[in-house]
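Student: Can we go through this model together? I'd like to start with the surface.

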Amino acid sequence: MTEHGGRESEPRDVFRLPGFLAFWTAESVSGLGNQITTLALQVLVVVTLSGSATDVGLVNAARWLPYLVLGLVIGALVDRRRRKPIMVVTDLGRALLLGLIPLLWALDRLSVPVVVAFVAAFGLLSLLNDAASQSFLPRLVPRSSLLAANARLDQVGAVVQTSGPAVAGGLVTVLGAPLAVLVDAGSYLFSAVTLTRIRLEESTTQVRRASVNLWAEVAEGVRWVYRHRTLAPQALSTHGWFLFNSMLVTVFVPFVLVGLGLTATELGIALAGAGVGALVGSLLSTRIGMRWGAGRAVIAARLVMPLGWVVIALAPADGDRWTTVAVLAAGQLVYGFTMGAENANEMGYRQAVTPDELQGRMNTTMRSVNRAMIVVGAPVGGLLADTLGYRPTMWIALAGFVVVALLLAASPFRHARHDDGTP
């Protein structure tokens with residue numbers, strides 16, 4: 001419900017809800033480990049294996065390839081199963097996979113194709129885990145608390161994003177990229193154990209019986225997303241955002257390490273700026289969403305976001321290196337702030353308006369196409385960077401950011417509010 005002033009009602013503190021603290025803790029610790037691996041794998045490709053920007057793009061694309069190939073089917077299968085066991089098993093599987101990377105490196109069996117294969121397998125397990133965890137949250141907290149719950153997850157994610165790159169840069173510098181990956185393996189083991197402590201029984205009424213026609217269930221999920229008045233424009237705009245963002249993210253690491261000649265530690269410090277910005281944005285996300293509504297909050301964030309990458313694209317290649325790091329960190333700060341303000345509003349809204357029996361398919365339908373955009377955008381970004389240069393590629397992606405934000409602003413999504421899904 002909305003108050004007379006147009007604000008939506010404030011949810012109660014989600015940490016008081018049974019099971020949420022354990023879920024939050026598991027997501028937080030595995031998120032920190034993932035920050036380390038994300039940086040470590042890119043440094044591994046560029047420095048340890050002497051790879052190019054194209055190789056970085058291929059590795060980034062491999063992470064999301066399973067979403068493109070199997071995403072829609074996985075969503076339908078997750079809607080048929082209890083979601084907590086899927087989360088536990090996939091965490092254990094990811095820990096095992098990551099533990100094999102330093103072993104292969106020690107045996108001198110590690111190469112870019114091997115890393116691509118491992119990252120693709122890791123991506124498949126992550127696909128299952130993401131579909132289950134995003135669909136599990138609406139069972140763990142009431143719909144009126146979804147914005148606050150996502151904001152809490154974003155807040156700790158922002159802290160992790162702040163400290164993670166700096167810690168990762170230091171670990172990579174001291175231990176080397178292959179051994180730094182082991183930290184993430186340990187984080188997934190911790191997450192699996194913590195999730196087992198959640199005492200939420202998913203009743204048999206929440207687990208759908210398998211129908212004969214799996215593809216009919218897949219089609220039902222696709223129709224829900226792309227025929228919905230507000231979810232459809234949100235989904236299409238987000239697909240475009242992921243395409244251009246993947247180009248920028250792929251170019252950023254070689255731009256900093258090769259184009260600007262900075263170290264892995266300095267790269268980590270620059271990336272930490274995004275974490276600081278994301279923390280501030282996520283702390284304000286609930287207030288912004290309640291006052292402006294989900295639609296206007298997301299649109300405003302996407303219109304401001306390109307400014308951060310403009311600053312990054314203008315970072316000086318000559319002169320004092322710490323000045324360059326400060327400029328990069330400032331650009332990442334703006335980028336992180338807008339993501340922190342946007343994400344809880346986007347996630348909370350789409351979870352709130354979607355029925356429980358469609359949560360898995362809704363999430364994987366949107367995420368699958370989003371990740372398909374990464375599969376396309378990451379290698380394209382790498383190829384453009386190797387052909388045209390780092391900065392021209394950034395300007396191309398920036399123009400794309402502006403276009404998708406303006407298209408979303410012109411759609412019915414601008415009127416979306418968090419109480420749209422309240423019965």
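Student: Which element gives the most to the nonpolar patch?

Tutor: Helix α9 does, with four residues; helices here are DSSP runs of H or I with at least four residues, numbered from the N terminus. This is a predicted model, where local features need pLDDT of at least 70, side-chain atom pairs count only at pLDDT 80 or more, and totals for chains, interfaces and linings use all residues. Residues are numbered from 1 along each chain as its sequence is written, and side-chain values use heavy atoms, with hydrogens and water left out.

Student: Which residues make the patch?

Tutor: Val276, Val280, Leu283, Leu284, Leu333 and Phe337 form about 450 Å² of nonpolar surface. The elements giving two or more residues are α9 (264-292) and α11 (321-352).

Student: Why does Val280 count as partly exposed?

Tutor: Val280, in helix α9, counts so because its relative accessibility is 40%. Buried means under 20% relative accessible area, exposed over 50%, and partly exposed in between (1.4 Å probe, protein chains only).

Student: New topic. Is Ser126 buried or exposed?

Tutor: Buried, because its relative accessibility is 0%. Ser126 sits in helix α4 (residues 112-140).

Student: What is Ser126 in contact with?

Tutor: Arg63, Tyr67 and Arg94, leaving aside neighbours within four places in sequence. Contact means heavy atoms within 4.5 Å.

Student: What comes just after α3?

Tutor: Asp108, with a positive phi of about 60°.

Key: Patch = residues over 30% accessible without salt bridge, like charges linked within 9 Å, V, L, I, M, F, W, Y side chains within 5 Å. Areas by Shrake-Rupley, 256 points an atom, 1.4 Å probe, with all protein chains shown as cover. Salt bridge = Lys/Arg side-chain N within 4 Å of Asp/Glu carboxyl O.
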